[in-house]
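Hi everyone, thanks for making time this morning. I'd like to walk you through one structure, a piece at a time, and you can follow along on the screen.

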Amino acid sequence: MLNKLELEQYLLQSLNMALGSLMQGETSYTNSFDCKVLDDGFLFLPRLPAGYIIDDDLYQKIFLIANASLYPRYTLLKQNTAYFIPINTTDIHIQRGLFFPWKEGISKRLVIPDLDRYVLNITESNIPIMENLSINYNKVTSIAIAGNSGSGKSYALTYFLSALNRFSELIIIDPKFDMPSRWARENNVPVVRPQKNRSKSDFVSEINEKLSSSLNMIQTRQEQLYNDPNKKFKHLTIAIDEVLALSEGVNKSIKDSFFTLLSQIALLGRSTKVHLLLVGQRFDHTSIPTSVREQMNVLIQIGNINKKTTQFLFPDLDPKGIVIPTGKGTGLIQIIDNEHPYQVLPLLCPTYYTKKGVL
């Protein structure tokens, strides 16, 4: 394993060779910049005045070079813009640096031989996602899982439903009458699904009734919290598969009611432990209200990853340079809380085995 000094020299060599032609020959050999390795990342230290422009473009070029050079020992955490930090010195020439945070190692997939047995050890404060990555459901507002057809969304949803069923009440809405309905049947969980001889608007109206009941629960719990701030509630999760299918081809007033109810639940649900778990091919304004998307703090995009597919869940992100493993159920994840780095991470959804016929 390289020590800090050896790692600094390795990074400098990588940057000198790749940046030399882009920066008119300015390198560390000409004392134009330096590198410093920290515990949680590294600093690119330009010496100013400089013959090159220190901007977002330079930051992203350094990211591309260093991320490839450090893989797989470290994973650089992608920033949306240049990350400047001040340096504690009185020398004006080196009083600022570009910081590149990292996490040690790379994302590794969980392999679960028996899902039913595995979830027995899952708690609300620890839902494993990958090796060395888990979420605390007490800090989750809502979860979004997006991806193209065949990317593994249903597989990921099954894992979350199995984990959440340990400590959360579930309301499952399955407009495709597919995997969630089979999982619900195997686990004795009620599911709202289309019925024969019923219109699409009638189906969404039934969903609105369920959402309205959940909103009434939120309001009741808020009153209880007002009188007793330490009151504890059981989690309630409203899981909707392929949410886009509910907003297309539906009477406008019913669709507007659906959107309004989703927005209110997303905005008010966290303190009362009521959550949304939404799955869809995309999350633009036609599938869910913008306010719902903005309240979600666990964002998962699987399947084909590029600037176009990530524009809704990660509007400010350019995924260029992020090393995403190949295979089904891979992509990006962002957990927005005070326990995890806020940057987007490469994701490998768990591999598991479950009851035959569910998937």
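**A walk through the chain**

Let's begin with the inventory: the chain has nine helices and 17 strands. Please keep in mind that this is a predicted model. Along the principal axes, the C-alpha atoms fill a box of roughly 75 × 45 × 40 Å. The chain has 359 residues, and buried ones make up 50% of them. Now look at the contacts with a separation of 6 or more: residues 24 or more positions apart account for 67% of those.

How do α1 and α2 cross? Helix α1, residues 4-19, and helix α2, residues 56-70, have axes that come within 10 Å and cross at roughly 125°. An angle of that size makes α1 oblique to α2. The crossing of these two is right-handed. From α1, the contact uses Leu7, Tyr10, Leu11, Ser14, Leu15, Ala18 and Leu19, and from α2 it uses Leu58, Ile62, Ile65, Ala66, Ser69 and Leu70. If you like to see a pattern in such lists, remember that an α-helix has 3.6 residues a turn, so residues three or four places apart point the same way.

The second pair is α4 and α5. Helix α4 covers residues 153-164 and helix α5 covers residues 179-186; their axes come within 10 Å and cross at roughly 25°. Angles under 35 degrees count as roughly parallel, so that is what we call α4 and α5. This crossing is right-handed. On the α4 side, Ser154, Leu157, Thr158, Leu161 and Ser162 meet Met179, Pro180 and Trp183 of α5.

Let's stay with α5 for a moment. Which of its residues are buried? They are Met179, Pro180, Ser181, Trp183 and Ala184. What do they pack against? After α5 comes asparagine 188, which has a positive phi, near 55°.

Another asparagine deserves a stop. Asparagine 297 sits in the loop between α9 (290-295) and β14 (298-302). Is asparagine 297 buried or exposed? Its relative accessible area is 6%, so asparagine 297 is buried. Where does its side chain reach? The side chain of asparagine 297 comes to 2.8 Å from the backbone oxygen of lysine 139. Leaving aside neighbours within four places in sequence, asparagine 297 is in contact with Lys139, Val140, Thr141 and Ser142, as well as Gln334, Ile335 and Ile336.

Next, valine 204, which belongs to helix α6, residues 200-227. Valine 204 has a relative accessible area of 0%, so it counts as buried. With neighbours within four places in sequence left out, valine 204 is in contact with Leu246, Val250, Ile254 and Phe258. Compare that with leucine 48: valine 204 and leucine 48 are 156 residues apart in sequence, and their C-alpha atoms are 62 Å apart in space.

Last, something for those of you who think about cysteines. How many disulfides does the whole structure have? A search finds zero. As for individual cysteines, cysteine 35 has a relative accessible area of 4%, so cysteine 35 is buried. Cysteine 349 counts as buried too, at 7% relative accessibility.

How values were computed:
Residues are numbered from 1 along each chain as its sequence is written. This is a predicted model: local features need pLDDT of at least 70, side-chain atom pairs count only at pLDDT 80 or more; totals for chains, interfaces and linings use all residues. Side-chain values use heavy atoms; hydrogens and water are left out. A disulfide is a pair of cysteine sulfur atoms within 2.5 Å. Buried means under 20% relative accessible area, exposed over 50%, partly exposed in between (1.4 Å probe, protein chains only). Helices (H or I, at least four residues) and strands (E, at least two) are DSSP runs, numbered from the N terminus. A polar contact is a pair of N or O atoms within 3.5 Å; within protein, one must be able to donate a hydrogen and the other to accept it, and residues adjacent in sequence count only if both atoms are side-chain atoms. Contact means heavy atoms within 4.5 Å. Axes are lines fitted to C-alpha atoms, for helices over the stretch in contact, and angles run from 0 to 180 degrees between N-to-C directions. Angles under 35 degrees count as roughly parallel, over 145 as roughly antiparallel, 65 to 115 as roughly perpendicular and the rest as oblique. A crossing is left-handed if the near helix is turned anticlockwise from the far one by less than a right angle, and right-handed if clockwise.
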